[in-house]
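Open the model in your viewer and keep the sequence beside it. The tour goes from one selection to the next.

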Amino acid sequence: MSIIVAVKTDTKIILGSDKRVTEDKTIVSENESKILIKELTIEGYNEITYEKFLIAFTGAYGLFELLKTFKTPTKASKDTFLEYLYKTFVPRINTHLRKYNFIQDYNGQEGVDWELLIAYKNSLFLVEFNLGIIEIKTPYYAIGAPKDIALGSLYTTNQNENITSLRYMVSTAIRACAAHNVSC
């Protein structure tokens, strides 16, 4: 399992992750990205615009490989990004995952062996294993097996008025996880 850390202000979001991929207790790679840059096509009445957003991933790495091939659906300009996630993005990704048999039964509830953090402009969204969506309103968040370690680190650095670097907060949290969890 991985660690993804996000820190945000009113104007920006910094995402970071470890780079280790493990299968059970075996390390299969030490240098894999777990954050994707996706292009979003937005259709208006008389125009088409393009924006980018980030998807950060924890879970079975094969799902991340599949996510790389996922074509991001078009967003209607009238929809908020949260509406787009609910109405278009998540249903389309659900179909894509079903096509490749990645939807599983977890104690009577369908789900996927993952968590996603999606960063769009200055908003952060969590897509849970059951494809539920939560907008994250806190100034920092983490997903993955050692997220409690990361959240503790983020809390501590966020409380220190001398620490203003978002990158420092993210890298410190990832280093704390790597020091205390073999999967990172």
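A polar contact is a pair of N or O atoms within 3.5 Å; within protein, one must be able to donate a hydrogen and the other to accept it, and residues adjacent in sequence count only if both atoms are side-chain atoms. This is a predicted model, in which local features need pLDDT of at least 70 and side-chain atom pairs count only at pLDDT 80 or more, while totals for chains, interfaces and linings use all residues. Residues are numbered from 1 along each chain as its sequence is written, and side-chain values use heavy atoms, leaving out hydrogens and water.

Select Asp18, in the loop between strand 2 and strand 3 (helices, H or I of at least four residues, and strands, E of at least two, are DSSP runs numbered from the N terminus). A polar atom of the Asp18 side chain lies 3.0 Å from the backbone nitrogen of Ile3. Is Asp18 buried or exposed? Asp18 is buried, with a relative accessible area of 5% (buried means under 20%, exposed over 50%, partly exposed in between, with a 1.4 Å probe and protein chains only).

Next, select helix 4, residues 166-180. Its buried residues include Leu166, Val170 and Ile174. They pack against strand 1 (3-8), strand 2 (13-17) and helix 3 (147-159). At the start of helix 4, look for a side-chain oxygen of Ser165 within 3.4 Å of the backbone nitrogen of Arg167.

Finish at helix 1 (residues 61-69), where Tyr61, Leu63, Phe64, Leu66 and Leu67 are buried.

How values were computed. The expected span of a helix is 1.5 Å times one less than its number of residues. Contact means heavy atoms within 4.5 Å.
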